[in-house]
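Please examine the sequence and the structure shown below before reading on.

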Amino acid sequence: MERAYRLRTIPPYPFRETAALKAQKIAQGEKLIDFGIGDPDQPTPDFVIEAMAKAIRDRRTHQYDETGHGYSEFLEAIARHMQRRFGVEVDPPKQIQSTIGCKEALVHIEWAYIDPGDIVLVPDPAYSVYKVQATFCGGAAYPMPLRETNGFLPDLGAIPPSIAKRAKLLWLNYPNNPTGAVADVGFLEQAVAFAREYDLFVCQDASYCEVYYGDEKPPSILQVPGAEEVAIEFHSLSKTFNMTGWRVGWAVGAEEPIDGLSKVKANVDSGTFGAVQLAAAVALDHYEEWAPTLREVYRQRRDALVEGLQGLGWPVTAPPGAFYLWVRVPQGETSASFAKTLLEDCGVLAVPGAVYGDHGEGYVRMSLTIMADDPLAAIAEAVARMGELQVTY
Ligand SMILES: Cc1ncc(COP(=O)(O)O)c(C=O)c1O
């Protein structure tokens, strides 16, 4: 049976290929050091697991969540969190939608707004989902290059007005996957002004917003006055609380896109498992005690890998946010050829930048989520192996 056009026209999901290659190497008995997929290797904190154990005995969680937006306990914990962390007041349920992780919501917001012929403004390089969904909906993704010279921020002024007028959504993702860049409020103000000028929604994927290393906390776009009319922001417990498998997050912001998202979800899924929502509410209420521990783990790994690679003479800078190093490839290499060299000659898995878009060419991404008994020792071992390579920058 021939598959639907939408499935025939998209490339394979990037990590499916990487996973196959990794499995093959492991089967050959190789000791890989895996800087591939960004999936926290640390366990979910005990206090969340305990909250879940209690919540799962709550009889009402065994049934469909018929609230539409999410349990009031979760929505209120989100509103408190948005207030404490960002100083932003939001009104549940009109401005909040619970989500099944944030990936699901990134997909469904496009279903809510994109018709054939519409344009979606998408960063390049970027998490593949924004662009793929535009194609799924019959729309077109217009790439906004993220260049090192511009701090990996898109140059909104470079988008032709004829394109901007046809665009319905503008994607941002800060802290950024794959570059590790963080956007300040000044840039988010520009994005909000752009959305007002061209009558579109800004979709800010904030799934890494609690992984940062400087004194400045990454802002929410909702801190910008007027954003509550033109912006929707996507948050997740996946990275903040080591809960990728639990599938829980939220969307927050302008009432119209929150309602559009809710309507799609009502027709597609039946919400996040109620017990997970109750445990997520407890997690958010303990965010301040927990998050410094999380950040410290990644800070140590980031510093070890950055200092190790700098010691080899590689031109690497420490990212201010997220848990990725965006590493330039040496002369004469493409992102794919260098990732292959790293894998074959060093047993080190990194992701070729080109899988994140044309402007990812020239880089590989190394994730600090390392599955190893001793991740810092694994980093030291990886640096030692990479030190054997003959590279010229
Ligand atoms: C930029 C970005 N957004 C969203 C997601 C998906 O996160 P979640 O687990 O919340 O669905 C990822 C996962 O790696 C990501 O890198």
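A residue is called buried when its relative accessible area is under 20%, and exposed when that area is over 50%. Cys203 has a relative accessibility of 0%, and therefore counts as buried. The model is a predicted one.

**Cysteines**

Cys137, with a relative accessible area of 13%, is likewise buried because this value falls under 20%. A disulfide is a covalent bond between the sulfur atoms of two cysteines. A search of the whole structure finds 0 disulfides. For Cys137, the nearest cysteine sulfur belongs to Cys203 and is 12 Å away, and Cys137 is in no disulfide. For Cys203, the nearest cysteine sulfur is that of Cys102, at 11 Å, and Cys203 too is in no disulfide.

**Ligand site**

Which residues come nearest to the ligand? Of the 15 residues around the ligand, these are Asp205, Tyr208, Ser236, Ser238 and Arg247. By class, the shell around the ligand divides into 5 nonpolar, 6 polar and 4 charged residues. Polar side-chain atoms of the following residues lie at the listed distances from ligand atoms.

| Residue | Ligand atom | Distance |
|---|---|---|
| Asp205 | nitrogen | 2.6 Å |
| Ser207 | nitrogen | 3.2 Å |
| Ser236 | oxygen | 2.6 Å |

Taken alone, the ligand exposes 400 Å², of which the protein buries 92%.

**Cavities**

Rolling a probe the size of a water molecule over the atoms shows where empty space is left. A search of the whole structure finds 2 cavities of 30 Å³ or more. The largest cavity holds about 70 Å³ of space. This cavity is lined by 13 residues, and the closest to its centre are His81, Glu210, Ser236, Thr240 and Trp250. Its lining comprises 7 nonpolar, 5 polar and 1 charged residues.

Methods:
Residues are numbered from 1 along each chain as its sequence is written. This is a predicted model: local features need pLDDT of at least 70, side-chain atom pairs count only at pLDDT 80 or more; totals for chains, interfaces and linings use all residues. Side-chain values use heavy atoms; hydrogens and water are left out. On a 1 Å grid over the protein atoms alone, a cavity is a set of points where a 1.4 Å probe fits but cannot get out, and a pocket is an open set with protein on both sides within 12 Å along at least five of seven lines; lining residues have an atom within 4 Å of a point. Grid points are joined across faces, edges and corners, and a volume is the space filled by probe spheres set on the points. Ala, Val, Leu, Ile, Met, Phe, Trp, Tyr, Cys and Pro count as nonpolar, Asp, Glu, Lys and Arg as charged, and the others, Gly among them, as polar. A residue is near a molecule or strand if one of its heavy atoms lies within 4 Å of it. A polar contact is a pair of N or O atoms within 3.5 Å; within protein, one must be able to donate a hydrogen and the other to accept it, and residues adjacent in sequence count only if both atoms are side-chain atoms. Accessible areas come from the Shrake-Rupley method with a 1.4 Å probe; for residues, only the protein chains shown count as cover. A disulfide is a pair of cysteine sulfur atoms within 2.5 Å. Buried means under 20% relative accessible area, exposed over 50%, partly exposed in between (1.4 Å probe, protein chains only).
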